[in-house]
Amino acid sequence: MKALKNSWIFVLLLLLCACGEAPVYNKSYSFKNNSWEQDVKPVFKVNIPDTTSFYNIQITIRTTTDYAFNNLWFFIRSKSPKGQIGREPFEIKIAHPDGSWIGETSGTIVENTVYFKHRKFPQKGDYIFTFEQGITEQSAKNILDISYAVTKDSNQK
């Protein structure tokens with residue numbers, strides 16, 4: 001009987017720990033044949049419910065260990081709910097100069113993430129983020145996918 005009571009307490013604690021805040025947005029785009037062609041532009045449409053909260057943005061790119069470069073350049077084109085458009089270049093470092101991987105590796109997969117923490121969005125509504133490959137070659141080979149996630153920052157000060 002005592003073991004059954006302890007099991008219920010354990011299950012209750014497990015459920016309480018598993019109830020975190022859901023992300024505002026979390027989507028991925030997988031590249032066909034593990035190749036990001038210049039004309040392929042993943043789009044992520046994010047609804048921001050309020051302008052008073054701080055958010056954390058996370059961009060993750062997964063490559064294979066056959067990726068030939070130590071970095072990846074890309075552009076993010078953003079469109080606000082009121083139609084304002086911006087375009088910025090970004091670089092993700094994939095490997096150190098000695099060839100060792102910077103991100104987390106699992107088998108033949110390397111995962112690199114860029115964080116934009118404690119950010120506010122100036123307008124409420126739908127933002128559209130379009131990613132454009134920014135290298136000088138037609139295709140960036142051995143890129144599996146790109147993910148875009150937005151979560152509310154636990155620090156709202």
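F121 counts as buried, because its relative accessibility is 7%. Buried here means under 20% relative accessible area, exposed means over 50%, and partly exposed lies in between, with a 1.4 Å probe and protein chains only. This is a predicted model: local features need pLDDT of at least 70, side-chain atom pairs count only at pLDDT 80 or more, and totals for chains, interfaces and linings use all residues. Residues are numbered from 1 along each chain as its sequence is written, and side-chain values use heavy atoms, with hydrogens and water left out.

The structure holds 16 aromatic pairs. Rings of Phe, Tyr and Trp (its six-membered ring) pair if their centres lie within 6.5 Å; planes under 30 degrees apart are stacked, over 60 edge-to-face, and the rest tilted. F121 pairs edge-to-face with Y55, at 5.5 Å centre to centre and 70° between the planes. Y55 sits in strand β4 and F121 in the loop between β8 and β9, so the pair ties together parts that are 66 residues apart in sequence. Y55 is buried too, at 0% relative accessibility. Another edge-to-face pair joins Y67 and F69, at 5.8 Å and 70°. Y67 is buried at 5%, while F69 is partly exposed at 38%.

Now the sheets. Strands are DSSP runs of E, at least two residues, numbered from the N terminus. Two of them pair if DSSP finds at least two bridges between them. β1 and β11 (residues 143-152) share six bridges. S30 has D145 in β11 as its bridge partner.

A further open sheet has four strands, ordered β3-β9-β5-β6, again with antiparallel pairing. β3 (43-48) and β6 each have a single partner strand, so one side of each is left without a neighbour in the sheet. Nine bridges join β5 to β6. W73 stands opposite E91 in β6.

Last, the largest pocket. A pocket is an open set of points on a 1 Å grid where a 1.4 Å probe fits, with protein on both sides within 12 Å along at least five of seven lines; lining residues have an atom within 4 Å of a point. The largest pocket is lined by 19 residues, with I57, S78, E88, F129 and Y148 nearest its centre. β6 gives the largest share of the lining, four residues.
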